[in-house]
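Visitor: I'd like to learn how to read charged contacts and backbone angles in a model like this. Can you walk me through it?

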Amino acid sequence: MLVAALWVVGLLAYQLPGPGWVRGVALVLWGGFALFTAVAVARARAGRWPGALFAAVLVATGLWWLLLTPRQDRVWADDVAQRLKVVSFDGRHVVLDNVRNFAWHTEEDHDVRWERREYDLDQLRSADLVMSYWMGPMIAHTLVSFGFADGRQLVFSVEIRKERGESFSALGGFFRKFEMTLVAAEETDIVRVRSNVRGEDVYLYRLKGMTQEQIKGLFVSYIGEARKLDAAPAFYNTLTSNCTTIVYELAKQIAPGLPLDYRLLVSGYFAEYARDLGVLTPGVDFASLKARGRITERARAAGDDPAFSRLIRVGVPGVDAETAR
């Protein structure tokens, strides 16, 4: 009963329309009723079924939750205002619309730039796991950056699709509060805004245990995800459909035997999970991978230097010396 009551509390808090005082009144009324029902059951006899009204509320809120549907037509925040579109893809050449290339001055002050880009997947040369921490060691945002022979990088990031003025809430993510979006962006945008503007702590790990075909397969999986989200919106879920679990699901398409692990949920330790799978640089202990992969200070020092992507990789294990020079 306690778990069920708390679930209804969350649904009311994040989905009940109207001003805040309406939600407050509803929460107080529901909390008092749930407590009264629980006490009545406890005083009667162990295992007694809760009152019919309590059960009816659970059924009604469950139906309400199931009937919530994601949308594409809200007033979105600037950084997620456009959907990534796959204009064309023939198995090798891909044309993407709405690749993000913002110039960030502050969180509120930025130059909006959505651009069309073309990529030759036969020119893919690398993939890097990027981890950005903003609330302690257990929680991180997971991104994957793909490198091409001409030096370009393209980063994919699964994020909540915030409405204008809205902010992320891990609890809200359990109650269908946010739609999900896939952002494709330049590193000077999506990495730099986290390290230099938001003050997050960012780490980069070269994925050395993947063949070029596997790297290409992972990129193609992201293309498939972009097409799915462009065709039909989906909800972000803090537990099952977040930035880390989506990477896992996409990777499973090219390596079906990937094991489940608690570090898929405690995303701050996902890099250690990748190390245990053997996809990070071999022959280097994890403490060194993490210490040398911390790019925060290098990113801040690089600022808006056009060589940002090269400069942040200096000293990262597995990055070729000529790339990091």
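Guide: Start here: D79, E107, K162 and R198 are joined in a network of salt bridges. A salt bridge means a side-chain nitrogen of Lys or Arg within 4 Å of a carboxyl oxygen of Asp or Glu. Before we go on, this is a predicted model, where local features need pLDDT of at least 70, side-chain atom pairs count only at pLDDT 80 or more, and totals for chains, interfaces and linings use all residues. Residues are numbered from 1 along each chain as its sequence is written, and side-chain values use heavy atoms, leaving out hydrogens and water.

Visitor: How many salt bridges does a search of the whole structure find?

Guide: The search gives 28 salt bridges. Take D79 and R198, whose closest N and O atoms are 3.8 Å apart. D79 sits in the loop between α3 (52-67) and β1 (85-89), and R198 in the loop between α5 (192-197) and β10 (201-206), so this pair ties together parts 119 residues apart in sequence. Those labels come from DSSP runs, numbered from the N terminus: helices are H or I with at least four residues, strands are E with at least two.

Visitor: Is D79 buried or exposed?

Guide: The scale goes by relative accessible area: buried is under 20%, exposed is over 50%, and partly exposed is in between (1.4 Å probe, protein chains only). D79 is buried at 6%, while R198 is partly exposed at 29%.

Visitor: Which residue does D230 meet in a salt bridge?

Guide: That's K85, at 3.0 Å from N to O. The two link distant parts of the chain, with D230 in helix α6 (residues 212-231) and K85 in strand β1, 145 residues apart. D230 is partly exposed at 23%, and K85 is partly exposed too, at 31%.

Visitor: And what does D97 form with R116?

Guide: A salt bridge, with the closest N and O atoms 3.1 Å apart. D97 is in strand β2 (residues 93-100) and R116 in strand β5 (residues 114-120), so the contact ties together parts 19 residues apart in sequence. R116 is exposed, with a relative accessible area of 51%.

Visitor: Now the backbone. What is phi of N98 near?

Guide: Near 70°, a positive value in a residue other than glycine. N98 is in strand β2 and counts as buried, at 12% relative accessibility. R176 also has a positive phi, near 55°, and is again not glycine. You'll find R176 in the loop between β8 (153-161) and β9 (179-185), partly exposed at 21%.
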